Amino acid sequence: MADLTKYRNIGIFAHVDAGKTTTTERILKLTGKIHKTGEVHDGAATTDFMDQEQERGITIQSAATTCFWKDHRMNIIDTPGHVDFTVEVYRSLKVLDGGVGVFCGSGGVEPQSETNWRYANESEVARIIFVNKLDRMGADFLRVVGQVEDVLGANPLVMTLPIGTEDDFVGVVDLLTRKAWVWDDSGLPENFELRDVPADMVEQVEEYREKLIETAVEQDDDLMEKYLEGEEPSMEDIKRCIREGTNKLDFFPTYCGSAFKNKGVQLILDAVVDYLPNPTEVKPQAETDEEGNETGEYAIVDVDKPLRALAFKIMDDRFGALTFVRVYSGRITKGMTVLNTFTGKTERIGRMVEMHADDRNEIDSAEAGDIIAVVGMKNVQTGHTLCDPNNPGTLEPMVFPEPVISIAVTPKDKGGSEKMGIAIGKMVAEDPSFQVESDQETGDTILKGMGELHLDIKVDILKRTYGVELEVGQPQVAYRETITKEIEDSYTHKKQSGGSGQFGKIDYRIKPGEPGTGFQFTSKVVGGNVPREFWPAVEKGFKVMMTEGVLAGFPVLDVEIELFDGGFHAVDSSAVAFEIAAKGAFRQSIPKAGPQLIEPIMNVDVFTPEDHVGDVIGDLNRRRGMIKDQQAGVSGVRIKADVPLSEMFGYIGSLRTMTSGRGQFSMEFAHYLPCPNSVAETVIEEVKARNAAKK
């Protein structure tokens with residue numbers, strides 16, 4: 001039986017280009033998992049194995065790999081940094097016990113690192129911080145530490161200090177042991193010497209060491225008392241306190257180095273072993289009922305408990321469909337039958353493999369704490385729970401954001417349709433934030449995603465991986481409709497045509513709901529004028545109609561409907577009659593309730609060098625943006641704004657032009673707001689023109 005205290009399930013996450021993948025490569029090299037290090041900029045990194053990743057030098061899918069360090073087993077997931085793929089980060093954090101947040105020594109805390117940090121806080125994942133790229137121009141370790149405090153509101157616990165900066169960066173001082181790790185110029189991680197602290201750093205080292213110990217002993221009152229009386233705790237006690245504080249998220253041990261130059265990575269591995277939690281130390285996953293409410297039961301990490309495993313990622317590769325699974329409790333063996341609580345069906349576990357990026361080792365069993373992949377599961381999707389059929393239980397499901405942008409695609413030749421259908425089916429299973437639907441009238445396939453880059457990559461995968469040549473339409477914004485006025489109205493549906501007729505009368509109020517509430521229905525009928533058994537039919541009728549508004553056919557949001565009276569016929573009334581009445585009522589009343597087009601507004605976070613701030617703000621204002629905040633940093637200024645998505649197409653090109661290629665931005669969906677009349681009129685005209693062209 002595996003010793004779970006020797007397990008570490010960790011993720012490596014950060015902003016684009018902070019060096020996550022390079023750090024992962026160095027970890028694999030040091031742990032003997034690979035013998036030649038691949039570089040991201042050469043397109044040869046182990047965990048970036050998709051063509052699109054190798055060309056663009058970014059990580060798109062989270063990749064999983066297993067390695068060993070000081071007889072501890074590490075399951076490592078390298079996650080993407082780009083905002084369009086945050087769903088990958090989110091679902092990885094969901095199944096990890098600890099993480100390494102990588103920050104760039106010169107770029108510091110960048111927009112996307114903030115989003116990822118927020119996700120990690122929500123998932124309550126313990127982390128250590130690695131400030132990378134200290135060999136670069138403008139790198140400043142202590143400045144980045146300050147940003148972690150100010151921008152992320154976190155408490156970094158400095159564990160190492162850099163020796164030299166930029167070109168002169170040669171190593172780090174470990175504050176606990178007061179030893180200097182100095183590497184030579186060979187670039188090999190094992191070529192280092194342990195020396196005494198450089199004379200010019202002794203004072204600084206003592207100052208930070210004192211801070212470190214003071215912060216650590218706050219976890220233990222007895223130790224703190226002794227420390228205040230002048231007795232220094234043992235190394236063992238200090239490490240125990242750091243581990244405790246890290247797991248409680250009171251602070252984050254912070255290291256520095258240069259992964260590319262192989263400096264400082266050993267200390268990160270030691271820190272993962274020393275301070276990040278093993279699977280048994282993490283708050284157990286909550287179990288839920290069919291509605292997603294917690295039942296009070298938990299999946300305790302224990303091999304002898306009933307099986308509970310979460311499918312957190314589906315991936316299709318050259319060997320077939322792979323389902324990545326985190327086993328929370330019990331054990332899973334080859335040939336056993338498991339129940340999928342989402343579908344209610346059982347499946348047999350065929351081959352199981354341990355992953356190393358896109359290579360695999362066959363295994364026969366896995367147990368609580370493991371992250372593995374199962375080959376060839378038929379009906380399992382991301383977020384589904386696999387459990388013991390005799391003792392079912394559902395783990396808290398994953399919630400994915402709604403797509404905000406869509407494009408229409410059509411295959412260039414007839415034979416491409418079937419190929420495209422199969423390919424898209426696989427891609428939707430892999431990525432829950434990517435959705436697809438068919439336009440009934442034009443026969444176009446509509447792809448929906450989180451941003452331009454997201455859809456760009458999907459089209460690229462269709463072309464290259466699946467060989468489907470596509471015609472791609474212009475990006476479309478996911479507009480919605482709502483109402484602005486409260487009205488009271490009545491509608492009667494009656495139909496008499498031989499045999500039993502149909503009758504249903506409803507009196508109702510329709511009013512605008514709070515933003516973000518969607519559709520709400522209540523019934524205040526008293527005295528049985530609309531019998532209680534017909535209320536669900538009325539609700540269903542209204543709800544069905546919400547999918548298509550009266551202005552331009554977009555779904556309707558944030559509407560409250562209250563049924564307060566009506567009438568029924570003892571013979572002719574039925575659920576169907578009341579459902580039809582509700583549909584007629586929607587058509588009759590929504591046009592009177594001040595219908596209005598609303599558009600998705602994005603949280604935009606732009607980083608620009610100081611010289612170009614005026615241009616960037618002017619450009620955001622022209623795009624109908626509302627500037628919310630500006631923060632000046634050493635290397636530039638961050639501007640936060642709310643901007644309509646429709647104005648953000650092609651923004652990366654404009655930003656690069658304005659900032660001579662140095663600007664960066666990230667955006668994520670914030671909320672819906674009413675469109676200005678001029679924009680609404682244009683959108684409605686376009687929709688009418690498109691519909692007329694189809695006819």
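This is a predicted model: local features need pLDDT of at least 70, side-chain atom pairs count only at pLDDT 80 or more; totals for chains, interfaces and linings use all residues.
**Figure 1. Asp 220 and the residues it touches.** Leaving aside residues up to four places away in sequence, Asp 220 touches Arg 240 and Cys 241. To find Asp 220, look in the loop between α6 and α7. Is Asp 220 buried or exposed? Asp 220 counts as buried because its relative accessible area is 17%, and buried means under 20%. The side chain of Asp 220 also has a polar atom that lies 3.2 Å from the backbone nitrogen of Leu 223.

**Figure 2. The salt bridge between Asp 220 and Arg 240.** Side chains of opposite charge can pair when their charged atoms come close. Here, Asp 220 and Arg 240 form a salt bridge, with their closest N and O atoms 3.1 Å apart. Asp 220 sits in the loop between α6 (202-217) and α7 (221-228), while Arg 240 belongs to helix α8 (residues 235-247), so this pair ties together parts that are 20 residues apart in sequence.

**Figure 3**

Figure 4. Arg 622 and Asp 619 meet through their side chains in a salt bridge, at 3.8 Å from N to O. Both residues belong to helix α14 (residues 613-622), and because they are 3 residues apart there, about one helical turn separates them. Arg 622 is exposed, with 62% relative accessible area, but Asp 619 is buried, at 9%.

**Figure 5. A salt bridge between two loops.** How far apart are the closest N and O atoms of Glu 647 and Arg 624? In this salt bridge they are 3.1 Å apart. Glu 647 is found in the loop between β37 (637-644) and α15 (651-658), and Arg 624 in the loop between α14 and β36 (626-632), so the pair ties together parts that are 23 residues apart in sequence. Glu 647 is partly exposed, with a relative accessibility of 26%, and Arg 624 is also partly exposed, at 26%.

**Figure 6. Thr 445 and its contacts.** Strand β27 (residues 445-449) is the place to look for Thr 445. With a relative accessible area of 14%, Thr 445 is buried. What does Thr 445 touch, not counting residues up to four places away in sequence? Its contacts are Ile 407, Ala 408, Val 409, Met 420, Ile 424, Val 436 and Glu 437.

**Figure 7. Two buried cysteines, Cys 104 and Cys 675.** Cys 104 is buried, with a relative accessible area of 4%. Cys 675 counts as buried too, at 6% relative accessibility. How many disulfides does a search of the whole structure find? The search finds 0.

Key:
Residues are numbered from 1 along each chain as its sequence is written. Side-chain values use heavy atoms; hydrogens and water are left out. Helices (H or I, at least four residues) and strands (E, at least two) are DSSP runs, numbered from the N terminus. Buried means under 20% relative accessible area, exposed over 50%, partly exposed in between (1.4 Å probe, protein chains only). Contact means heavy atoms within 4.5 Å. A disulfide is a pair of cysteine sulfur atoms within 2.5 Å. A salt bridge is a side-chain nitrogen of Lys or Arg within 4 Å of a carboxyl oxygen of Asp or Glu. A polar contact is a pair of N or O atoms within 3.5 Å; within protein, one must be able to donate a hydrogen and the other to accept it, and residues adjacent in sequence count only if both atoms are side-chain atoms.
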